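Please find below a colleague's note for someone meeting this structure for the first time. The points go from the ligands to the aromatic contacts and then to the backbone.

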Amino acid sequence: MTDGAPRANPVPLAELKRMTKRFRSSGQEVVACRDINLQITKGESLGIVGESGSGKSTLIRILQLLIPPTEGQVYFEGTDLTRLSARRLRTFRKKIQFVAQDPYGSLFPNLTIGQNIAEPLEIHGVGDRRSRRELAAELMETVGLSLYNFHSFPHELSGGQQQRVAIARALALYPQMIVLDEAVSSLDVSIQAQILNLLQGLKEERELTYVFVSHNLAVIRLMCEQTAVMYLGRIVEQGETERLFTAPSHPYTRALISAIPAFTEDGVTPLGKSVQFVTGVSGSKQGGQGCAYHPRCPFATSRCREETPELRTLESAHQVACHYAETMADSVLQ
Ligand SMILES: Nc1ncnc2c1ncn2[C@@H]1O[C@H](COP(=O)(O)OP(=O)(O)OP(=O)(O)O)[C@@H](O)[C@H]1O
Ligand code: SF4
Ligand SMILES: [Mg+2]
């Protein structure tokens with residue numbers, strides 16, 4: 001490239017294009033994800049937030065192609081995973097690993113810790129028995145587990161230790177991306193901090209990219225450079241995490257952020273008005289006319305009831321689906 005020439009945009013590590021996922025449940029259609037466009041850049045972790053049922057887990061399952069989208073494409077390093085044969089998909093699967101909320105449930109109870117960590121290597125035919133054992137031992141040290149536990153069983157470990165085993169397992173195949181669905185939420189606060197520290201260290205050491213689903217916005221702010229906010233299956237705001245936290249431009253993001261507890265001299269208090277969470281919204285309400293957030297939005301106008309806001313770019317790749325996003329960005333959080 002000559003000096004001063006514009007750099008070509010690098011291929012995103014992972015990308016969803018116009019991705020929609022519908023489920024049928026009790027004879028009704030639920031649109032879990034609707035027309036999602038998302039890019040994940042290598043080395044820039046993405047946080048996904050939104051209330052229960054907003055489609056976060058469905059989105060990350062599709063990102064790993066554990067389930068196929070109903071419409072749209074799923075790319076990893078520029079390859080459309082939805083078009084791959086099962087054999088080629090297996091190769092890509094090695095590059096994307098998953099850490100679940102419940103560490104005990106994600107481990108094999110009848111295998112020792114060493115065997116649990118070596119299991120993905122065995123499944124993918126990596127190395128021989130001896131080299132797999134050696135790598136499992138190395139990984140135990142990497143995640144701060146004592147080798148004393150190599151022959152222990154999962155039930156003999158604490159929740160924090162079990163989550164370290166799950167992380168070691170996820171690292172075994174040298175993935176590029178690790179998807180974590182509420183991976184620290186079942187742990188005590190002090191153990192959460194230790195696991196988050198471990199993940200941050202691993203990110204730097206191994207040049208990992210995380211996709212982090214969490215109800216805890218403080219965790220997202222700490223861990224992720226980019227954040228996407230979901231509401232009823234749509235992304236309603238996305239962009240740089242610090243920008244979203246300091247200048248949230250969708251009323252729903254503002255409500256989420258104003259509900260984060262703050263530490264004050266009087267104890268823990270919300271920063272502003274708290275948000276009412278609703279769950280289990282039916283599919284028929286999702287697809288209605290206008291902005292899906294309008295029944296709850298304090299700023300809704302007649303336009304909001306009639307016209308669905310598109311996700312549009314404000315500046316610096318900050319995208320918001322609200323007719324009045326510019327006004328929201330300029331007003332102060334209360
Ligand atoms: N396999 C399925 N069959 C039918 N409906 C499903 C299925 N999986 C998810 N859904 C529905 O899709 C919607 C989104 O679910 P999803 O699990 O992605 O939400 P979530 O944001 O991860 O919620 P939570 O924070 O509670 O984990 C919900 O209405 C859910 O009931
Ligand atoms: S489009 Fe209207 S209802 Fe929807 S979030 Fe913006 S102001 Fe609220
Ligand atoms: Mg979920």
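1. Helices (H or I, at least four residues) and strands (E, at least two) are DSSP runs, numbered from the N terminus. This is a predicted model, in which local features need pLDDT of at least 70 and side-chain atom pairs count only at pLDDT 80 or more, while totals for chains, interfaces and linings use all residues. Residues are numbered from 1 along each chain as its sequence is written, chains are lettered from A and ligands numbered from 1 in the order in which they are written, and side-chain values use heavy atoms, with hydrogens and water left out.

2. E207 lies in the loop between helix 7 (189-206) and strand 8 (209-213), and has a positive phi of about 50° although it is not a glycine. At 56% relative accessibility, E207 is exposed (exposed means over 50% relative accessible area, buried under 20% and partly exposed in between, with a 1.4 Å probe and protein chains only). R18, in strand 1, likewise has a positive phi, near 45°, and is exposed with a relative accessible area of 54%.

3. Ligand 1 is surrounded by 13 residues, the closest being S52, G53, K56, S57 and T58, where a residue is near a molecule or strand if one of its heavy atoms lies within 4 Å of it. By class, this shell around ligand 1 has 3 nonpolar, 8 polar and 2 charged residues (Ala, Val, Leu, Ile, Met, Phe, Trp, Tyr, Cys and Pro count as nonpolar, Asp, Glu, Lys and Arg as charged, and the others, Gly among them, as polar). Strand 1 (14-25), strand 2 (28-40) and helix 1 (56-63) each supply at least two residues of the shell, and helix 1 gives the most, with 3 residues.

4. Oxygen atoms of ligand 1 lie 2.8 Å from a polar backbone atom of G53, 3.0 Å from a backbone N or O atom of G55, and 3.4 Å from an N or O atom in the side chain of H215. The protein covers 65% of the 640 Å² of accessible area that ligand 1 has on its own, with areas taken from the Shrake-Rupley method with a 1.4 Å probe.

5. Helix 1 deserves a separate remark: 6 of its 8 residues are buried, so it is largely enclosed by the rest of the structure. The buried residues include K56 and T58, and just after the helix L65 takes a positive phi of about 55°.

6. Ligand 2 also has 13 residues around it, with C291, C297, C304, C322 and H323 the closest. Its shell has 10 nonpolar, 3 polar and no charged residues.

7. The whole structure holds 5 aromatic pairs (rings of Phe, Tyr and Trp, its six-membered ring, pair if their centres lie within 6.5 Å; planes under 30 degrees apart count as stacked, over 60 as edge-to-face and the rest as tilted). One of them is the edge-to-face pair of F76 and F92, at 6.3 Å centre to centre and 80° between the planes. F76 lies in strand 4 (residues 71-76) and F92 in helix 2 (residues 86-93), so the pair ties together parts that are 16 residues apart in sequence. Both F76 and F92 are buried.

8. K95 lies over the face of F92, at 5.1 Å from the ring centre, where a charge sits over a ring if NZ of Lys or CZ of Arg is within 6 Å of the ring centre and within 35 degrees of the ring normal.

Technical notes:
Polar contact = N/O pair within 3.5 Å; in protein donor to acceptor, adjacent residues only side chain to side chain.
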